[in-house]
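This report describes selected features of a two-chain assembly. The sequence and structure are shown first, and the description follows.

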Amino acid sequence: MASVEIRNVRKAFGPVQVLHGVNVDIADGEFVVLVGPSGCGKSTLLRMLAGLENITSGEIAIGPRVVNNVPPKDRDIAMVFQNYALYPHMTVFDNMAFSMKLAKAPREVMEQEVGRAAKILGLEALLQRYPRQLSGGQRQRVAMGRAIVRNPQVFLFDEPLSNLDAKLRVQMRAEIKELHQRLRVTTVYVTHDQIEAMTMADKIVVMNGGHVEQAGPPLELYDRPANLFVAGFIGSPAMNLVKGGMGEGGFQAEGGAVFPLPQSARGEAGIYGIRPEHIQLREDGMPATVVLVEPTGSETQVIARIGDTPLTCAFRERVTARPGETIRIMPEMDLVHLFESGSGRRLAA
Amino acid sequence: MSATTALAWNRPNQQPNWLVRLFDWKPFLAFACLLPAAGLLLVFLTYPLGLGIWLAFTDTTIGRSGYWVGLENFQYLLEDPLWWNAVFYSVFYTGIATIGKFALGLWLALLLNNHLPFKSLLRAIILLPWIVPTVLSAIAFWWIYDPQFSIISFLLVEKLGLLNNNIDFLGSAWPARFSLIAANIWRGIPFVAISLLAGLQTISPSLYEAALLDGSTAWQRFRFITFPMLLPILAIVMTFSIIFTFTDFQLVYAITRGGPVNSTHLLATLAFQRGIPGGQLGEGAAIAVSMIPFLVFATLFSYFGLARRKWQQGEGND
């Protein structure tokens with residue numbers, strides 16, 4: 001096992017800059033998720049870590065060793081690909097044993113190591129099958145098995161769950177997390193799905209446009225997003241972000257509504273953020289017109305309008321209001337987020 | 001009144017005419033669609049093949065319809081040193097040319113599979129030898145192999161001074177045999193290279209990346225990934241290539257006409273020479289028919305030996 005340090009790494013494909021100086025520190029045994037929208041450079045960063053892309057400038061160190069010029073096979077990493085990249089002409093056993101076969105390991109060692117990984121993943125019965133004969137979830141497990149057999153310092157996952165259906169994805173998510181808790185191997189996991197990131201990570205690195213927007217534990221990102229991008233990206237449904245300015249008795253929204261501010265609010269906030277689950281139904285709340293009601297069972301999502309400002313709310317209570325009716329709502333004062341309008345930075349509140 | 005009154009209009013129940021109904025009738029449609037293809041096959045494939053096989057069992061000559069002679073033609077061939085010679089050269093020609101074509105074609109395909117500048121232009125140029133009519137390239141090779149004006153001899157003797165005399169490519173048996181094989185390889189490479197290139201492009205790049213992380217060398221990636229995944233396509237292309245090479249006629253006939261002293265006769269050229277200029281239609285047909293077992297064997301070998309792989313099939317064979 002090893003720590004990973006990414007220091008001021010840049011990547012350019014010809015004239016196109018993809019990564020603009022990325023810094024990430026990954027502690028030994030940590031589960032780090034790189035998350036961001038398509039094209040943010042997260043997969044490129046992972047591939048640079050694996051050695052599949054070269055590094056334009058900056059440094060990547062695995063353990064004490066800078067690996068910029070170390071070929072992939074000597075980096076002591078194992079990667080799970082989005083399409084699994086299983087060798088279709090080899091059985092599950094041969095797929096998992098391939099790295100040992102290349103290293104000319106004796107047959108008994110191969111059987112022992114593959115057997116160990118197969119046991120962890122419950123693949124014992126499938127070892128003689130070909131990838132074609134497996135379901136998506138089983139292929140996913142074989143891909144992980146191939147990585148486990150390598151006994152690597154670092155596991156790399158490149159959107160490993162995106163080819164699975166929703167139910168299997170949740171199940172595999174739990175399995176990967178459990179696997180990490182068992183093996184305690186440093187893991188870097190790339191996804192565009194913020195729920196995957198929130199549920200699995202010890203540390204999330206939110207990337208956007210080749211920059212790191214914020215890095216930290218999931219709940220810190222949720223509670224104290226450093227900027228507008230992270231605020232909008234983390235959390236589902238997304239945070240309400242209302243434009244406006246500080247005014248008399250509260251935050252003056254462009255749509256005309258006035259939102260209450262916490263006591264500690266200071267500075268010139270241009271954007272008022274409140275998560276849907278932090279809006280409450282209160283008798284003394286602000287009147288809002290219901291636009292849409294979406295009951296999901298455990299909670300009820302309501303889109304309601306105050307003045308011209310639409311707000312998404314998620315209530316624990318069952319809401320019986322119909323579109324057009326008025327409900328009274330109130331943001332939870334200490335859970336309000338305030339951002340600068342120009343830079344989008346969070347204002348200390 | 002602002003409400004508009006609905007206009008009464010019922011969709012008329014149209015009866016299609018008899019022609020439309022006829023073509024909607026499945027058995028007729030199947031028959032009508034199959035007719036052109038079946039007709040062409042019957043007239044241009046089945047009839048000549050049947051006639052050829054029939055002739056092989058008769059003593060027909062040009063100008064005289066023959067009588068059924070049973071296996072007499074074949075018995076005669078078994079004792080004919082020229083036929084044995086043609087069998088030997090056909091097998092030799094096919095074997096060496098196939099090895100050459102596949103070695104060079106695979107190499108070329110691997111090169112073209114890399115990122116190269118002007119990739120599509122290069123690929124188009126590669127196809128040229130295959131597009132040029134065989135007789136045209138045969139005439140070019142005829143010049144290349146000319147005892148006096150050969151460009152190879154010119155380069156080696158006049159320009160580089162490596163040899164003292166011109167090479168006599170086509171004047172004696174073994175040089176002529178190898179010269180023809182070289183010409184055939186030159187012509188056959190594009191087909192192999194382009195087909196294998198298509199095969200290479202179906203192999204997912206992430207497999208190579210996975211193998212790279214698994215610690216493979218370039219040779220191991222070829223040996224364990226490229227080659228086995230290319231094998232099915234290789235088998236198909238090889239089957240075709242063997243059939244085309246074994247039945248080759250144009251190249252040999254245009255360059256050597258089977259000479260010198262019948263040393264470069266393939267079965268096809270021998271069959272033609274016996275049958276048409278020689279007039280012995282029955283015997284020529286017998287020689288042609290004698291190719292069939294070789295072709296069937298070659299096809300079955302590559303089909304069963306190489307094409308069917310368990311991993312390509314779907315479920316249910318564990």
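## Annotated domain of chain B

The unreviewed UniProt entry places the feature "domain: ABC transmembrane type-1" at residues 87–304 of chain B. UniProt positions follow the numbering used here, feature names are shortened, and annotations may be inferred rather than shown by experiment. The model is predicted: local features need pLDDT of at least 70, side-chain atom pairs count only at pLDDT 80 or more, and totals for chains, interfaces and linings use all residues. Residues are numbered from 1 along each chain as its sequence is written, while chains are lettered from A and ligands numbered from 1 in the order in which they are written.

Residues 87–304 of chain B are 75% helix and 0% strand, with the end C-alpha atoms 24 Å apart. Helices (H or I, at least four residues) and strands (E, at least two) are DSSP runs, numbered from the N terminus.

## Interface between the chains

Contact joins 22 residues of chain A to 20 residues of chain B (C-beta atoms, placed from the backbone, within 7 Å). On the chain A side, β6 (77–80) and α2 (92–102) are the elements that give two or more residues. That side comprises 14 nonpolar, 5 polar and 3 charged residues (nonpolar: Ala, Val, Leu, Ile, Met, Phe, Trp, Tyr, Cys and Pro; charged: Asp, Glu, Lys and Arg; polar: the others, Gly among them).

## Hairpins of chain A

In chain A, strands β15 (residues 279–295) and β16 (residues 300–306) pair in the antiparallel sense over 6 bridges; pairing requires at least two DSSP bridges between two strands. A:T289 lies opposite A:R305 of β16(A). The β15(A)–β16(A) hairpin has 4 residues between its strands, and A:G297 in the turn has a positive phi of about 100°.

β16(A) also pairs with β17(A) (residues 309–315), in the antiparallel sense over 7 bridges. A:A314 in β17(A) is the bridge partner of A:Q301. In this hairpin 2 residues separate β16(A) and β17(A), and A:G307 in the turn has a positive phi of about 60°.

Conventions
Contact = placed C-beta atoms within 7 Å.
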